[in-house]
Amino acid sequence: MLLRFEKNKFCYTLAGVKVPTGYSSNIKSLVQMKDLKLINLKSHDCHTLMQQLLPVAIRGVLPKEVRNTIIRLCYFFNSICSKIIDPSKLQQLQDEVVVTLCLLEKYFPPAFFDVMVHLIVHLPREIKFCGPVWLRWMYSMERYMKILKGYVRNRHRPEGCIIECYIAEEAVEFCSKYLANARTIGVPKGIEERIESRSGFKVIPTDYKTLCEAHYYVLQNTTVVDPYMSKNEKWLQAEHKRSFSSWFKRKIETELARPENTISQQIRWLAHEPKREFLSYSGYGIGGYYYNTSDHDSRSTTQNSGVMVEADYKDGR
């Protein structure tokens, strides 16, 4: 049993957790610091706690043996819920979870153990027969049940309300396919559309010296500009980047004045100096993910800055 200062430390850790957008619900809203307990937990919140947050929150709270046993159980759930599972390691997971349950019996009272705790032993065997867990969990069904419950207007006839609203939505959805620029009903906006609706940019001026250095860096590292640099190599040794940008602009303008020139569109754009002012955004979306600046995250309940994704090479590194 946790002492009050340990409960306070545990709840304080969870109350300060900030996760990326879409990772889970707002964990801070689930922690009640006054009574030192967790409230309104949904099934996905419990999974997030067991797989990722609980091993961090209990550090320095429980005795070492009890803490390590709970962390072993969390690592087990994290392993079986991963998208890729090696079938050859299922037997190892089976052996480890048996040892973990035996350790739980050493440190927890008999009232803690019910049939749900016993079912953990059969999860690796179930994966062997049915495949990964994430292909069979019920989060999508639970979300759709929330939509169906929102159709109810008459609580004495809930089934009729659900049927009428469902049929009406199907009819409108069918008609919307024949309308131009009509949004699909019931499908939330994608990350790109949500970003376009946000106006979080600001105009930042820059000095001319920094602008010239940035322009020269782009020209120096662009392949199509190499012929112009090689022709003026000796001149560049003396002048270097002080005036190459302006010389390059005059050179392209001179060649464009000729009737038969072969200047590409890319060279024309590179010859122009960049604008003195540039737009700075507080967020960026790519590949279905949204990233914020640290200053923006300091005022938000989520954290989308400093996010790192680990990738594996073919050789397993």
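**Entry 1: the chain as a whole**

What share of the contacts in the chain with a separation of 6 or more is accounted for by residues 24 or more positions apart? I looked this up at the start, taking contact to mean heavy atoms within 4.5 Å, and found that such residues account for 55% of those contacts.

I note that this is a predicted model, in which local features need pLDDT of at least 70 and side-chain atom pairs count only at pLDDT 80 or more, whereas totals for chains, interfaces and linings use all residues. Residues are numbered from 1 along each chain as its sequence is written, and side-chain values use heavy atoms, with hydrogens and water left out.

I counted 15 helices and six strands in the chain, where helices (H or I, at least four residues) and strands (E, at least two) are DSSP runs numbered from the N terminus. Of the 317 residues, 27% count as buried; for this I used under 20% relative accessible area as buried, over 50% as exposed and anything in between as partly exposed, with a 1.4 Å probe and protein chains only. The chain exposes about 23400 Å², and 57% of that is supplied by carbon and sulfur atoms; the areas come from the Shrake-Rupley method with a 1.4 Å probe, and for residues only the protein chains shown count as cover.

I then turned to Leu-30, which sits in the loop between α1 and β1 and is buried, at a relative accessible area of 7%. Leaving aside neighbours within four places in sequence, I found Leu-30 in contact with Ser-25, Lys-37, Leu-38, Ile-39, Asn-40, Leu-41 and Asp-45. The C-alpha atoms of Leu-30 and Leu-41 are separated by 6.7 Å, with the two residues 11 apart along the chain.

Leu-36 counts as buried at 10% relative accessibility, whereas Asn-40 counts as exposed at 62%.

Where is the kink in α2 centred? I found it centred on Met-50, with a value of about 50°, the bend at a residue being the angle between axes fitted to the seven residues ending there and the seven starting there. The buried residues of α2 include Asp-45, Leu-49, Leu-53 and Pro-55, and what covers the buried residues of this helix includes α1 (4–15), β2 and α3 (64–80).

**Entry 2: salt bridge and cysteines**

How many salt bridges does a search of the whole structure find? My search found one, counting a side-chain nitrogen of Lys or Arg within 4 Å of a carboxyl oxygen of Asp or Glu. The side chains involved are those of Arg-136 and Glu-126, at 2.7 Å from N to O. This pair links distant parts of the chain, with Arg-136 in the loop between α6 (123–130) and α7, and Glu-126 in helix α6, 10 residues apart. Arg-136 is partly exposed at a relative accessible area of 29%, and Glu-126 is partly exposed at 34%.

I found zero disulfides in the structure, requiring a pair of cysteine sulfur atoms within 2.5 Å. Cys-11 is buried at a relative accessible area of 3%, while Cys-175 counts as partly exposed at 46%.

**Entry 3: the nonpolar patch**

Which residues form the nonpolar patch on the surface? I listed Tyr-144, Ile-147, Ile-163, Tyr-166 and Ile-167, which together have about 470 Å² of accessible area. Patches are made of residues with over 30% relative accessible area and no salt bridge, like charges being joined within 9 Å and nonpolar side chains (Val, Leu, Ile, Met, Phe, Trp, Tyr) within 5 Å. Both α7 (139–150) and α8 (158–176) supply at least two residues of the patch, and the largest share, three residues, comes from α8. Ile-167, in helix α8, is exposed with a relative accessible area of 53%.

**Entry 4: Glu-273**

Last, I looked at Glu-273 in the loop between α14 (265–271) and β4 (277–281), where it counts as partly exposed at 31% relative accessibility. Apart from neighbours within four places in sequence, Glu-273 is in contact with Tyr-208 and His-215. The C-alpha atoms of Glu-273 and Leu-211 are separated by 8.3 Å, although the residues are 62 apart along the chain.
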